[in-house]
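Please read the report below alongside the sequence and the coordinates. It takes up nonpolar cores, helix packing and a few individual loop residues in turn.

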Amino acid sequence: MHPSLSELLAPLGVTLHYRPDLTAAEIPAALAAQPYDGLMVRSKLRVTAQLLAHGPHLRYVARAGAGVDNIDEAALAAAGITLLNAPEGNRDAVGEHTLGLLLALFRNIARADAEVRQGMWRREANRGEEIGGKVIGLLGYGHMACAFARRLAGFGCTVLAYDHNPDCAGDHNATLVPLAELQARAEVLSIHIPYSAANHQFVDEDFLAGFRHPVWVLNTARGEVLDHAALVRGLHRGQVRGAALDVLEQEKLTQLSPEQLAQFDFLKTAPNVVLSPHIGGWTHQSYQRINEVLAHKIGAFLRLRPEQR
């Protein structure tokens, strides 16, 4: 965590035991050693019912980041534990990075850079596309997608968004449409849905085949919501014009299955694919801002339930 965490929590009357040195195997004993009210985690630790049993006094789990796919929300609910997360802390970072991926993909920036470094000066081969005039489709319209849409506002493109949540409201940066309309009109698909069992490989072969136009695909959400085998087949067929991926199904590259390795070998050599190592939300500014968001939410929780201070 950013070093500002302690000074942000101190005015709330929260005593912080900062233990980034703990391994996952050591956490149950550490939880049991103190009557902790809160547990703060990043994305690596799986918070399960079994782990929560070692912290009988826990009243909240604070996730330092946006995604909560490492946390068993049903187990928290059963134990009466509140889940706090901080998508507001890194949404701007993700919005900027997604825009950067789109520009890199459209203007062949990574490929052109590599060629120039090798003494190649290929202008026509790297003739690109403009964002202006394109129809951009956002799958999901939460914090990250909204931040991306704000950054697209000055490009003269049309932004459509689909979200399964009926309470989701569009804004002046994007028009909410049914999924069928998004597939009928979009030329770019940007994925912004969280991972859950229901969303596993949500973007699969049938989903991609549902687009009227060949599409560029961006994924800055979670790798598991995109069927990478279907993506590779789409790239081979020209059904997918290009892809920019900040996340993969398996991000431990030394542990890829044979099938995943074959897919990755294609993606890393394809000239119309841009890859980055899950850094969309990872900036110096978001690192600190996540602390600020969590401290604010913990303070609000304690004001609402002061007996749990």
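The sections that follow describe a predicted model.

## The nonpolar cores

The largest nonpolar core of this predicted model holds 32 residues, and within that set Leu 139, Leu 189, Ile 191, Val 203 and Leu 231 touch the most other members. Two or more residues each are given to this core by the strands β4 (135-139), β7 (188-191), β8 (215-219) and β9 (240-245), and likewise by the helices α8 (179-185), α9 (205-209), α10 (228-237) and α11 (258-269). Among these elements, α10 supplies the largest share, namely 4 residues.

When its neighbours within four places in sequence are set aside, Leu 231 is in contact with Leu 208, Val 217, Leu 226, Val 240, Ala 243, Leu 245 and Leu 267. Another core, of 25 residues, lies apart from the largest one, and its members include Ala 145, Leu 152, Val 159 and Ala 174.

## Helix α5 and its two partners

Two packed helices are described by the angle between their axes and the distance between the axes. For helix α5 (residues 87-106) and helix α7 (residues 143-152), the angle is about 50° and the axes are 8 Å apart, which makes α5 oblique to α7. The crossing of these two helices is right-handed. On the α5 side the contact is made by residues including Pro 87, Arg 91, Val 94, Leu 99 and Leu 102, while on the α7 side the residues include His 143, Met 144, Phe 148, Arg 151 and Leu 152. Sorted by class, the contact of α5 with α7 comprises 8 nonpolar, 4 polar and 6 charged residues.

How do the axes of α5 and helix α12 (residues 284-304) cross? They come within 7 Å of each other and cross at roughly 155°, so that α5 is roughly antiparallel to α12. Here Pro 87, Glu 88, Gly 89, Asn 90, Asp 92 and Ala 93 of α5 make the contact with Ser 286, Arg 289, Ile 290, Val 293 and Lys 297 of α12. By class, this contact of α5 with α12 has 4 nonpolar, 3 polar and 4 charged residues.

Helix α7 is mostly covered, with 7 of its 10 residues buried. The buried residues of α7 are Met 144, Ala 145, Cys 146, Ala 147, Phe 148, Ala 149 and Leu 152. The elements that cover them include helix α5 together with the strands β4, β5 (158-162), β7 and β8.

## The packing of α10 and α11

The axes of α10 and α11 come within 10 Å and cross at roughly 40°, and the two helices are therefore oblique to each other. Their crossing is left-handed. In this pair, His 228, Ala 229, Leu 231, Val 232, Leu 235 and His 236 of α10 meet Glu 259, Gln 263, Phe 266 and Leu 267 of α11. By class, the contact of α10 with α11 has 6 nonpolar, 3 polar and 1 charged residues.

## Residues in the loops

Most residues other than glycine have a negative phi, and most peptide bonds are trans. Asn 108, which lies in the loop between α5 and α6 (109-117), has a positive phi near 55° although it is not a glycine. Asn 108 counts as buried because its relative accessibility, 12%, falls under the 20% limit. Gln 201, found in the loop between β7 and α9, is not a glycine and has a positive phi of about 50°. At 25% relative accessibility, Gln 201 counts as partly exposed.

Ser 196 is placed in the loop between β7 and α9 and is partly exposed, with a relative accessible area of 30%. Ser 196 and Ala 149 stand 47 residues apart in sequence and 24 Å apart in space, C-alpha to C-alpha. Leu 58, in the loop between α3 (49-52) and β2 (60-63), is buried, with a relative accessible area of 1%. Not counting residues up to four places away in sequence, Leu 58 touches Leu 31, Tyr 36, Asp 37, Gly 38, Leu 39, Leu 52 and Ile 81. Leu 58 and Gly 80, which are 22 residues apart in sequence, are 8.8 Å apart in space, C-alpha to C-alpha.

Terms used. Residues are numbered from 1 along each chain as its sequence is written. This is a predicted model: local features need pLDDT of at least 70, side-chain atom pairs count only at pLDDT 80 or more; totals for chains, interfaces and linings use all residues. Side-chain values use heavy atoms; hydrogens and water are left out. A nonpolar core is a set of buried Ala, Val, Leu, Ile, Met, Phe, Trp, Tyr and Cys residues joined through side-chain atoms within 4.5 Å. Buried means under 20% relative accessible area, exposed over 50%, partly exposed in between (1.4 Å probe, protein chains only). Contact means heavy atoms within 4.5 Å. Axes are lines fitted to C-alpha atoms, for helices over the stretch in contact, and angles run from 0 to 180 degrees between N-to-C directions. Angles under 35 degrees count as roughly parallel, over 145 as roughly antiparallel, 65 to 115 as roughly perpendicular and the rest as oblique. A crossing is left-handed if the near helix is turned anticlockwise from the far one by less than a right angle, and right-handed if clockwise. Ala, Val, Leu, Ile, Met, Phe, Trp, Tyr, Cys and Pro count as nonpolar, Asp, Glu, Lys and Arg as charged, and the others, Gly among them, as polar.
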